[in-house]
Structures are given as structure tokens and as C-alpha cells.
Amino acid sequence: MLKSLFHTQLTLGFAQAGIASVLALAVVLLARRRNIHLESDAAIALLRGIVQIVAVGSILALLLKSPRWTSVFLLTGMIIAAGSISAKRAKNIPGARKVSTYSIAAGAGLVTAVMTWAGVIDTAITSLIPVGSMIIANAMNTNGLALNRFRSEVLAHAGEIETALALGAAPEHTVASYAESSIHASLIPAIDNLRSLGIVWIPGLMTGMLLSGADPLYAAIYQFVVIAMILASSGLTSLLSTMMIRNHAFSAAEQLVLKSSG
Amino acid sequence: MSVAQQTASGAVVLRTEHLGRSVGDISVVAGISLDVYHGEMLGIVGASGSGKSSLLRLLNRLDEPTSGTVFLDGQDYRQFSPRELRRRVGMVTQRPFLFPGNVAGNIRFGPLQRGEVVADEDIARLLERVGLPGFAGREVANLSGGEQQRVSLARALANRPDILLLDEPTSALDEQAKMGVEQLICSLVKDTSLTCVMVTHDRDQARRMCDRVALLEAGRLIQFGKPAEVLGA
Ligand SMILES: Nc1ncnc2c1ncn2[C@@H]1O[C@H](COP(=O)(O)OP(=O)(O)OP(=O)(O)O)[C@@H](O)[C@H]1O
Ligand SMILES: [Mg+2]
């Protein structure tokens, strides 16, 4: 119905966005009748959402015309942003930001580089940027989970850790089991994604490939490839970040400094 | 300290000099200077929050002093690696924090950090010493509070420390277990001429157990001497 009224893709898009918004606002009005007031929040969120996504779309449209090497800068920028975002999960561990940035850069960067070199990821911006950003975003989440878990394990076990130190144990040895459980816990989402692939969810990338007319079987296999790369980069990231953050929990004189009071 | 007094009570093994620690603008331990003689039981008493535990944690460098220092056998303790220092200055805390597993595993822990394996006979002897004969294979989770505290003592002793720091070692125990552990500590000090620094908030316990007592108030050392002098009769 809409397609016969709007002839360019852009006007069609705005019309579709308008209809989706009307539906959302209708639900808001329904809620209002039950005395739940979402109107201002929802209106702002909708407006904000369309502005942000149109901005990103415009940038992408520009980027598609830029040379391939620009993606290196973009991905680097994403890694730096990801490092500082997930460092917040490790509040009051000194050096968390550096640790996060290095781990994400090594984990996501290495996997993206090797896979691009091997021809698994195409060097075209349209492929490298979305796949690379998925790998970085997942490495960021894993890193945040690992640091957060490590921090709470150490805070909860300060007594055991200091007892081991007082018996002459090496600092890294006193937190080894907490580092290990942090790595395990941080990889649960990535592993569950692999396990539930296609059964519980059909991820965005595959949806996109299907929408743009790719062979469904190839789209399916490539989706597996992406999720497997995500597992590899997340695993590497969380291994590195827990290994590095371990040392930041202690002072040079082998005292536990990561404690709830400090 | 006079020479006569030193020879009477043995050599100074541990000395703190203007030892202090501030956290932010709070001074938790303020310029404490005291000597600990070989083989003595030194008590640290004071109200809750007076800095007893904080002082003890400076002695094995679990916390870093912000002023002054500690001498171990006449040497500034920063000259030792933290691990060597902590082997020589052992610690037992109010809660035992035993590691999951059995009793023997806990006792082996300290020496194992230096690659030494404690022989089964030595474990049996240590357990007998702390009043837990035949406990080597017992799971720590199934032990009573008093038994756990004895394991914690045996674990610290397995490192063959020169000095043992005790932070309210009996305050989490009931009356009967407390008396047992108290007697055990006294006999260890007497028989093996172990040097002990013990924190307690229990003045009667300090009178019963200690050769000398240091009284703290707001992080400062306000009195130091024989229990009867410091705590009254
Ligand atoms: N890391 C820290 N940051 C801020 N204040 C601290 C810190 N450690 C200790 N304190 C403060 O220093 C004071 C002394 O604490 P400490 O635990 O040494 O007392 P205590 O004499 O052992 O008391 P208790 O008998 O209750 O065990 C307390 O007021 C405590 O709140
Ligand atoms: Mg205390």
C-alpha cells in the first residue's frame, strides 16, 4: 500500500517510520488511560532515536564512498570508546581503562585482522565495519563482565586473599580461582549465543543479508562464522583483561589494595 | 631500654619506630614505638576502633606504613621481600578463613608457596601439638569454630615463623573453646619460645596471658608495661 504512494526509498522510509511511531504512541495513549504516564519519555525517545539513526545512516552513506583504509581509523575509534565504557564496570580498580582498552584492542583487533587477512571478512567498508563493530561490541561486553565479576569476587573474598598473602603466597596465586571464574562467567553469553544460534534467535546480520537478497544458506553459514569469531575475540579479551587486572588489585609490596573501603 | 632489662627478657626481635598509618586525613596508627622481646607474649589492648588491628597489619606489612618503620632482627623490614617477611612474621585472625578442602591441605599451604612439601608425619605432629590428633583428612567445612581456629594456628605454625601475630584469636569462640585455644597459645609460647603479639579487647585475657601490654587510644600508644601496671590489678 505504502509503496504505491511513495516512490523514492527515502520518502518511503520516513513514511514507514511515521507509521511505526504512530503505533508506538497509540500504545502510550493506551497506557495513559490506565494512568501510566509514558508520553514525554516515549516522545523524546522516539524523536531522539530517529535523529540518531538518521545521523548514523548519513555517515554510513558518506563512508561507503571513502577509501577502504578509513575503516582502520573507525575501528580504532570504536576500540578506544569500548575500552572506556567497559572500564566503568571495574570501578575503583586503578588502571582499569588501560587494561580494558589493551585487552579489547588485542582480542578484537587480532581476530578482525587475521580474519580479514584470511579473506573471511571482506575488506569492503560495508562488510568490515559492521562485522568489526560486532566483534568489538561483544569483546567490550565480555571485558565488562569479566572485570565486574573479578572485582566482586575479590571484594567478597578479601579475608581469604589476605590470609593467603599472610602465609607467603604470591599475589596472583591468591586470586587465581577468582580470575578463572571471571573468565568463565564472562564467556557464558558468547557460548550461549553459539548454542542457541538459529533456534532461539536469528541475529541481525543474517536478517540483513536475507533482506538484501543473499542466499539463505550462505547467510546462515556466515552468521555462524561471525558468532564463532565473536567467541574467539571475547575469549582472548577476557583472558587478557583478567590477567592484567590481577596485578592492579595489589600494590608493589604485595598488599591487597582493591577493597571496599578504598 | 636498659641493657639489664634486655638481657633479662631476651633479645629484641621486633622493633617499631614511630610507626604510623594515615588513610586520607584519618590517622589510624600514630607514631608507635615499641620493642618486642624474643619469646614474650605482648598484648595490644584498647577500645574498639583504637587501631589494634591496624597496628598488627603493619607488622607483617599487609598494609603499608605512611610513617616510621619496623625492624626485624635489627633490619628494616622493607629489606625483606614481602613473602619472606610474612613467612617469618605469621598471622592468625579472628576468623580462620580456612581454604576449601581438608585440614592437611591447609597446613601444607604456606610451605608449598616456597615449593616445600610438609611430610605427613610433620602434619600429624603439628595437629597433635594443637590438640587435633588424627584430623589431617577431615574436611574443614565440618569442623567446629574452636577446631577451625586450631587448624588456623597449625597452618600458621607450619611456616615456622619467628613471630606470630594474633588478632583476637578467641573472640569468635564460645567460653569453653576460648579457654582451650588460650591455653594452647600459652603453651606454644612457653614450649617453643615463640614470640607473640596478640590483640585482644578482653582485659582479663590480657592479664592471664601477656608478659607485657600496650594500651592504644585513637591510634596512639598511651601506656606500655606489665599487665598489672597498665590494666590495674
Ligand atoms: N582503610 C581504612 N580506611 C579508613 N579508616 C580505616 C581504615 N582501616 C581502619 N580504619 C579506621 O581506623 C580505626 C582503627 O581500626 P582498627 O580496625 O584497627 O580498630 P581495632 O582497634 O582493631 O577495633 P576492634 O576492636 O573493633 O577490632 C577505626 O576507626 C577504623 O574505622
Ligand atoms: Mg580489630
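Guide: Happy to! With a relative accessibility of 29%, B:Asp122 is classed as partly exposed. Before going on, please keep in mind that this is a predicted model. The partner of B:Asp122 is B:Arg125: their side chains meet in a salt bridge, with 3.1 Å from N to O. B:Arg125 has a relative accessibility of 54% and therefore counts as exposed, since the limit for that class is over 50%. Both residues belong to helix α5 of chain B (residues 120-129), where they sit three residues apart, about one turn of the helix. Salt bridges that share partners also build a network, which joins A:Glu162, A:Lys259, B:Arg57 and B:Asp63.

How many salt bridges does a search of the whole structure find? Over all chains, there are 22. The idea behind them is simple: side chains of opposite charge can pair when their charged atoms come close. One of these pairs is found in chain A, where A:Arg149 and A:Glu153 bring their closest N and O atoms to 3.0 Å. These two residues are separated by about one helical turn because they lie four residues apart in helix α6 of chain A (residues 125-156). A:Arg149 is partly exposed at 32% relative accessible area, whereas A:Glu153 is buried at 13%.

A further pair takes us back to chain B: B:Arg88 forms a salt bridge with B:Asp162, and here the closest N and O atoms are 3.0 Å apart. As for burial, B:Arg88 counts as buried at 13% relative accessibility, while B:Asp162, at 34%, is partly exposed.

Why is strand β8 of chain B (residues 195-199) largely enclosed by the rest of the structure? Five of its five residues are buried, so the strand is largely enclosed. In a regular strand, side chains alternate between the two faces of the sheet. Both faces of β8(B) are covered, with B:Thr195, B:Val197 and B:Val199 buried on one side and B:Cys196 and B:Met198 buried on the other. β7(B) runs parallel to β8(B) and is joined to it by five bridges, with B:Leu164 opposite B:Cys196. Strand β3 of chain B (residues 41-46) is also parallel to β8(B), through four bridges, and B:Gly43 stands opposite B:Met198. By contrast, β9 (residues 212-217) and β10 of chain B pair in the antiparallel sense over five bridges; B:Ala214 has B:Phe224 in β10(B) as its bridge partner.

Chain B has another open sheet to look at, whose four strands follow the order β2-β1-β4-β5 with antiparallel pairing. Its edge strands are β2 (26-37) and β5 (75-76) of chain B, each pairing on one side only. Two bridges link β4 (residues 67-72) of chain B with β5(B), and B:Leu72 is found opposite B:Gln75. Helix α2 of chain B (residues 52-59) lies across β1 (12-23), β2 and β4 of chain B, at about 120 degrees to β1(B).

How values were computed:
Residues are numbered from 1 along each chain as its sequence is written. Chains are lettered from A and ligands numbered from 1 in the order in which they are written. This is a predicted model: local features need pLDDT of at least 70, side-chain atom pairs count only at pLDDT 80 or more; totals for chains, interfaces and linings use all residues. Side-chain values use heavy atoms; hydrogens and water are left out. Two strands pair if DSSP finds at least two bridges between them. Contact means heavy atoms within 4.5 Å. Axes are lines fitted to C-alpha atoms, for helices over the stretch in contact, and angles run from 0 to 180 degrees between N-to-C directions. Buried means under 20% relative accessible area, exposed over 50%, partly exposed in between (1.4 Å probe, protein chains only). A salt bridge is a side-chain nitrogen of Lys or Arg within 4 Å of a carboxyl oxygen of Asp or Glu.
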